Amino acid sequence: MSLGMWVLVGAVAAGVVLSLLKSKLDGRFRGTRLLRKTQAHEVDSVDRVSAADVGGELGERATLLQFSSAFCAPCRATRRTLAEVEGMVDGVRHVELDAEAHLELVRRLDILRTPTTLVLDSTGAIVKRASGAPRKPDVIAALATAIEHAPR
């Protein structure tokens with residue numbers, strides 16, 4: 001085989017691997033420093049979002065904070081999923097923010113793409129985050145973690 005064919009095979013293989021990796025990780029919730037520090041009993045500086053940051057009240061038990069953009073197709077699917085979960089779980093509020101209109105908050109929270117969903121506990125501490133469109137069972141599981149770790 002010629003060098004060109006090896007380059008082509010390598011490029012296709014790299015594309016397949018990256019595509020599989022993206023589909024595996026897209027929309028999955030991951031923990032934040034809050035969970036690791038809580039488990040180590042050394043909570044000091046936790047990323048928090050206030051009611052003033054979102055332009056309204058946070059949820060009584062938890063908040064689903066979604067960062068969207070105007071031309072984002074997965075953002076619409078995420079909006080529907082989070083609204084359904086909000087209707088299923090008492091004390092949970094879904095707040096959607098336009099990333100472009102809230103650039104300071106986007107930078108502070110290190111939001112790199114839309115949709116990004118942050119799961120906040122009752123105090124506004126970020127417990128979980130997902131980039132991409134999350135699945136409903138994953139949202140419910142992340143909410144359970146936020147409610148469980150909320151201060152009483």
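**View 1. Helices H4 and H6 cross in a right-handed manner.** A crossing is right-handed if the near helix is turned clockwise from the far one by less than a right angle, and left-handed if anticlockwise. This is a predicted model, in which local features need pLDDT of at least 70 and side-chain atom pairs count only at pLDDT 80 or more, while totals for chains, interfaces and linings use all residues. Residues are numbered from 1 along each chain as its sequence is written, and side-chain values use heavy atoms, leaving out hydrogens and water. H4 (residues 73-88) and H6 (residues 136-149) pack with axes 10 Å apart, at an angle of about 50 degrees.

**View 2. Strands E2 and E3 run parallel.** Seven bridges join E2 (residues 62-68) to E3 (residues 92-98); strands pair if DSSP finds at least two bridges between them. Helices (H or I, at least four residues) and strands (E, at least two) are DSSP runs, numbered from the N terminus. Look for Phe67 opposite Leu97 in E3.

**View 3. The loop between H5 (103-108) and E4 (116-121) holds Pro115.** A cis peptide bond, with omega of about -5 degrees, joins Thr114 and Pro115. Asp110, also in the loop between H5 and E4, has a positive phi of about 60 degrees, although Asp110 is not a glycine.

Methods. Right-handed = clockwise from strand over helix to strand, strands pointing away. Axes fitted to C-alpha atoms, helices over the stretch in contact; angles between N-to-C directions.
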